[in-house]
Amino acid sequence: MDIPPLAGKIAALSLSALPVSYALNHVSALSHPLWVALMSALILGLLFVAVYSLSHGEISYDPLYAVFAVFAFTSVVDLIIALQEDGYVVGFMDFYTKEGEPYLRTAHGVFICYWDGTVHYLLYLAMAGAICRRKRYRNFALYWLGSFGMSILVFLTGNILGKYSSEIRPAFFLTIPYLLVPCWAGVRVFSQPRAPTCCTANTVQEEQRKGLLQRPADLALVIYLILAGFFTLFRGLVVLDCPTDSCFVYIYQYEPYLRDPVAYPKVQMLMYMFYVLPFCGLAAYALTFPGCSWLPDWALVFAGAIGQAQFSHMGASMHLRTPFTYRVPEDTWGCFFVCNLLYALGPHLLAYRCLQWPAFFHQPPPSGPIALHKKQH
């Protein structure tokens with residue numbers, strides 16, 4: 001997979017978030033939640049107009065360029081928020097975290113801001129750069145769709161169900177485009193043609209004739225998916241207050257963060273159980289039986305989703321903003337870290353396998369009279 005050059009124009013425009021946030025932080029009128037929401041909407045609108053006027057050619061070629069440009073700006077804002085909440089910078093986004101979205105000050109909110117300000121930001125620059133150079137960026141976009149979708153679904157649901165549900169402000173409704181735009185972007189991304197592969201018909205036939213035992217890497221991935229599925233189901237039962245002794249021991253001695261009343265960890269485990277668990281079963285099937293051409297795309301989507309989710313979950317479980325009683329105990333920190341790191345690493349290995357050796361997932365070439373007829377003509 002080729003890595004496109006980063007979009008310098010978008011990077012320069014996104015860095016304007018630094019002086020803008022600093023200036024707005026010193027406007028006294030922004031001490032009211034409604035003014036915070038209106039000013040935020042106005043800035044995003046002006047930013048879109050600026051992007052459209054400066055990059056009309058790129059937007060005409062691919063409208064997602066405007067989306068990546070605006071979201072790159074908000075990624076820098078999120079990074080500023082995370083750095084400010086951890087005490088690395090001061091005087092930038094106090095007005096927004098106090099009167100706009102106070103739940104961003106939670107441990108989970110801090111870590112989704114870190115992820116958005118680093119991983120998502122680099123993805124936006126790479127995808128915008130690919131559009132400028134008229135290159136493919138489909139794989140990057142699929143990873144971003146999974147990551148962004150998981151982030152926003154868990155965060156919004158946790159805000160509504162958790163202890164911060166009484167502190168929802170007008171700025172909360174600015175997240176509605178964050179739900180709608182990825183849906184539209186997802187339709188466009190999936191409709192893009194896949195990158196051509198160098199797999200010949202003979203290569204595909206030879207690879208698909210091999211059984212699972214003849215493919216040790218795939219066998220290891222299937223075993224991983226089965227174990228990950230059981231782990232996913234177990235943690236889902238834990239947050240649903242399963243009365244068994246093993247669930248009780250786990251939630252109190254290994255991951256007490258699952259009891260945190262902010263509700264983000266509970267929502268996260270339920271997302272895993274309802275979406276990741278079925279995917280583990282389907283992916284194991286696709287690694288066993290050839291011709292499942294859907295797996296490479298969805299492996300990238302789920303790699304992004306689980307990568308973002310595990311980063312936020314692991315970070316928030318140990319962050320100082322999480323009350324001490326809900327943090328991972330020191331004597332079980334190693335077990336917690338290894339299990340959750342492997343849970344995040346496995347989907348990325350699966351996606352890498354699908355991208356590097358896709359022959360097993362190609363539709364098998366036609367055989368019999370039809371193939372003979374095509375060969376003759």
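**Close-up views of helix packing and a buried serine**

**View 1. Helices α13 and α15.** In this predicted model, helix α13 passes helix α15 in a left-handed crossing. Residues 264-288 form α13 and residues 333-356 form α15; their axes come within 13 Å of each other and cross at roughly 40°. Angles under 35 degrees count as roughly parallel and those from 65 to 115 as roughly perpendicular, so the arrangement of α13 relative to α15 is oblique. On the α13 side, the contact is made by Tyr 272, Val 276, Phe 279, Ala 283 and Leu 287. Tyr 343, Leu 350 and Arg 353 contribute from α15. By residue class, this contact comprises 7 nonpolar residues, 1 charged residue and no polar ones.

**View 2. Helices α14 and α15.** The crossing of α14 and α15 is left-handed. The residues of their contact include 20 nonpolar and 6 polar ones, with no charged residue.

View 3. Ser 21 is part of helix α2, which covers residues 17-24. Is Ser 21 buried or exposed? Its relative accessibility is 3%, and because buried means under 20%, Ser 21 counts as buried. Apart from neighbours within four places in sequence, Ser 21 is in contact with Ile 80, Phe 92, Met 93 and Phe 95.

**View 4. The whole protein, as context for the close-ups.** The protein contains 16 helices and 0 strands. Its radius of gyration is 23 Å, close to the 21 Å given by the globule rule for 377 residues, so the protein is as compact as a globular protein of that length. Taken along the principal axes, the C-alpha atoms fill a box of roughly 80 × 60 × 30 Å. Of the 377 residues in the protein, 51% are buried. Among contacts between residues at least 6 apart in sequence, 78% join residues at least 24 apart.

Methods: Residues are numbered from 1 along each chain as its sequence is written. This is a predicted model: local features need pLDDT of at least 70, side-chain atom pairs count only at pLDDT 80 or more; totals for chains, interfaces and linings use all residues. Side-chain values use heavy atoms; hydrogens and water are left out. Axes are lines fitted to C-alpha atoms, for helices over the stretch in contact, and angles run from 0 to 180 degrees between N-to-C directions. Helices (H or I, at least four residues) and strands (E, at least two) are DSSP runs, numbered from the N terminus. Angles under 35 degrees count as roughly parallel, over 145 as roughly antiparallel, 65 to 115 as roughly perpendicular and the rest as oblique. A crossing is left-handed if the near helix is turned anticlockwise from the far one by less than a right angle, and right-handed if clockwise. Contact means heavy atoms within 4.5 Å. Ala, Val, Leu, Ile, Met, Phe, Trp, Tyr, Cys and Pro count as nonpolar, Asp, Glu, Lys and Arg as charged, and the others, Gly among them, as polar. The radius of gyration is taken over C-alpha atoms; the globule rule is 2.2 Å times the number of residues to the power 0.38. Buried means under 20% relative accessible area, exposed over 50%, partly exposed in between (1.4 Å probe, protein chains only).
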